[in-house]
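Hello,

Here is the structure I promised to pass on to you. Have a look at it first, and then read my notes below.

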Amino acid sequence: MRFDRARLEALAALPDDKLWAEVLKIADSFGYSLPRQTPPHSELQKMRDAVKSDRINVSEALRVVNQYKNK
């Protein structure tokens, strides 16, 4: 799977509420239901860190989302 690094960086630069809105849109498009309330900044920062490194860690980003979903 190939990722558009520029798009990921643009998403990571969004404020928390706008980033979560984008995550919700993507999840909805694949049939996943996530809580509508924006997660704490610390959780979103973990997602940002997972996609900002030299090597994109998608599994870590998904783990953060799943942990928030299960709370």
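In which helix is Glu 60 found? Glu 60 is found in helix α4, which covers residues 58-70; helices here are DSSP runs of H or I with at least four residues, numbered from the N terminus.

Before going on, please keep in mind that this is a predicted model, where local features need pLDDT of at least 70, side-chain atom pairs count only at pLDDT 80 or more, and totals for chains, interfaces and linings use all residues. Residues are numbered from 1 along each chain as its sequence is written, and side-chain values use heavy atoms, with hydrogens and water left out.

Back to Glu 60: its relative accessibility is 25%, so Glu 60 counts as partly exposed (buried means under 20% relative accessible area, exposed over 50%, and partly exposed in between, with a 1.4 Å probe and protein chains only). Glu 60 forms a salt bridge with Arg 63, with the closest N and O atoms 2.4 Å apart. By salt bridge I mean a side-chain nitrogen of Lys or Arg within 4 Å of a carboxyl oxygen of Asp or Glu. Both residues lie in helix α4, three residues apart, about one turn of the helix. Arg 63 is partly exposed too, at 34%.

Side chains of opposite charge can pair when their charged atoms come close. By the rule above, the count comes to six salt bridges.

- Glu 22 and Arg 7 meet at 3.4 Å, N to O. Glu 22 lies in helix α2 and Arg 7 in helix α1 (residues 5-12), so this pair ties together parts that are 15 residues apart in sequence. Glu 22 is buried at 19%, while Arg 7 is partly exposed at 43%.
- Arg 48 and Asp 16 meet at 2.9 Å, N to O. Arg 48 lies in helix α3 and Asp 16 in helix α2, so this pair ties together parts that are 32 residues apart in sequence. Arg 48 is buried, with 6% relative accessibility.

Arg 7 and Glu 22 also belong to a network of salt bridges with Lys 25.

Now for the inside. The largest nonpolar core has 12 residues, among them Leu 11, Trp 20, Met 47 and Tyr 68. Such a core is a set of buried Ala, Val, Leu, Ile, Met, Phe, Trp, Tyr and Cys residues joined through side-chain atoms within 4.5 Å. Helices α2, α3 (41-52) and α4 each give two or more residues to this core, and α2 gives the most, with five.

Enjoy exploring!
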